[in-house]
Amino acid sequence: MAQTRTELARGLFAPLGPTYDRYATLLSFAQDPRWRRFLVSRLRVGADDTVVDVACGTGAVVRELVRRTGCSAVGVDQSPEMLAEARRRLGETTRVRLVEATAEQLPFEDASFDGLTAAYLLRYLDDLPAGLSELARVLRPGATAALLDFGVPPGPLPRAAWNLWVDVGLPTLGRAISPGWHEVGRFLGGSIREFDDRWTVRRLVDALGEAGFEDVRARRLSLGGCTVLWGRRA
Ligand SMILES: C[S@@+](CC[C@H](N)C(=O)[O-])C[C@H]1O[C@@H](n2cnc3c(N)ncnc32)[C@H](O)[C@@H]1O
């Protein structure tokens, strides 16, 4: 039977936890901390609020949420290995809780959260509309969800440079780092292109509307290398 995207992600991230933060920053030309800051800046939350970060990985967005807004945060990820690294880095405090679960079946009541973030989750959803509905379900009405993922730069020159980077640079650097990163380096370009073809920014905005979000916005960052979407739970 063909592997689902969720299963593929489970295998891909299993060996990466301890080195993820260092190399994710390097491989995105140090852009991804900036993208996460913009993502978190879309939420209007404070010390009395609780935000869920889905596909939290090693906890970079959770860290930014708590540091920047003072909110409480729940990080959710399907990978025990990535969560182990998040636990090592963040600890579990009264402000931070980490939960092993899939985005498709969040173990929370309806309307549990005052905000939601998800960085690099969308490409791994087997059924994106159903996944977005599940994210909407756990948000209280009026709360904001902010999502980001890689994109293919639309301009011809940035796109040519991006193609060279994902086809040659990433696999070469990945191989030099470790077998796990070699796998990621070979996988990422095709995964981002395929997602970009299937889900244009326009289609993503519409899908968020259909999943129960209103006032949906999108912004491309770094010449289109990243797309951030956000909207309010209706
Ligand atoms: C590229 S990492 C991003 C981690 C973190 N959001 C960040 O900004 O660094 C993608 C994460 O998504 C998780 N993931 C992928 N598909 C998932 C799913 N269906 N449910 C929960 N987590 C998922 C992986 O385990 C991995 O930790």
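**Exercise 1. At what angle do the axes of helix H7 and helix H8 cross, and within what distance do they come?**

Before we start: this is a predicted model, where local features need pLDDT of at least 70, side-chain atom pairs count only at pLDDT 80 or more, and totals for chains, interfaces and linings use all residues. Residues are numbered from 1 along each chain as its sequence is written, and side-chain values use heavy atoms, with hydrogens and water left out.

*Solution.* 
- Step 1: Find the helices. H7 covers residues 156–177 and H8 covers residues 179–198. Helices (H or I, at least four residues) and strands (E, at least two) are DSSP runs, numbered from the N terminus.
- Step 2: Read the geometry. The two axes come within 6 Å and cross at roughly 160°. Axes are lines fitted to C-alpha atoms, for helices over the stretch in contact, and angles run from 0 to 180 degrees between N-to-C directions.
- Step 3: Name the arrangement. H7 and H8 are therefore roughly antiparallel to each other. Angles under 35 degrees count as roughly parallel, over 145 as roughly antiparallel, 65 to 115 as roughly perpendicular and the rest as oblique.
- Step 4: Look at who touches whom. Among the residues in contact (heavy atoms within 4.5 Å) are Trp-162, Val-166 and Leu-170 of H7, along with Trp-181, Leu-188 and Ile-192 of H8.
- Step 5: Sort them by class. The contact of H7 with H8 has eight nonpolar, five polar and four charged residues. Here Ala, Val, Leu, Ile, Met, Phe, Trp, Tyr, Cys and Pro count as nonpolar, Asp, Glu, Lys and Arg as charged, and the others, Gly among them, as polar.

**Exercise 2. Work out how helix H3 packs with helix H4.**

*Solution.* 
- Step 1: H3 (residues 32–41) and H4 (residues 60–69) pack at about 55°, and their axes are 10 Å apart.
- Step 2: That angle makes H3 oblique to H4.
- Step 3: On the H3 side, Arg-36, Arg-37, Leu-39, Val-40 and Ser-41 do the touching, and they meet H4 residues including Val-61, Glu-64 and Leu-65.
- Step 4: Class by class, this contact has five nonpolar, two polar and four charged residues.

**Exercise 3. In what order do the seven strands line up in the open sheet?**

*Solution.* 
- Step 1: The order is E3-E2-E1-E4-E5-E7-E6, with mixed pairing. Two strands pair if DSSP finds at least two bridges between them.
- Step 2: Check the edges. E3 (96–100) and E6 (213–221) each have a single partner strand, so one side of each is left without a neighbour in the sheet.
- Step 3: E1 (residues 50–54) and E2 (residues 72–77) run parallel and are joined by five bridges; Thr-50, for instance, has Ser-72 as its bridge partner in E2.
- Step 4: How covered is E5 (residues 139–150)? Nine of its 12 residues are buried. Buried means under 20% relative accessible area, exposed over 50%, partly exposed in between (1.4 Å probe, protein chains only).

**Exercise 4. Is Val-228 buried or exposed?**

*Solution.* 
- Step 1: Val-228 has 0% relative accessibility, so Val-228 counts as buried.
- Step 2: List some neighbours. Leaving out residues up to four places away in sequence, Val-228 touches Phe-38, Leu-147 and Leu-221, among others.
- Step 3: Compare chain and space. Val-228 and Asp-149 are 79 residues apart along the chain, and their C-alpha atoms are separated by 6.8 Å.
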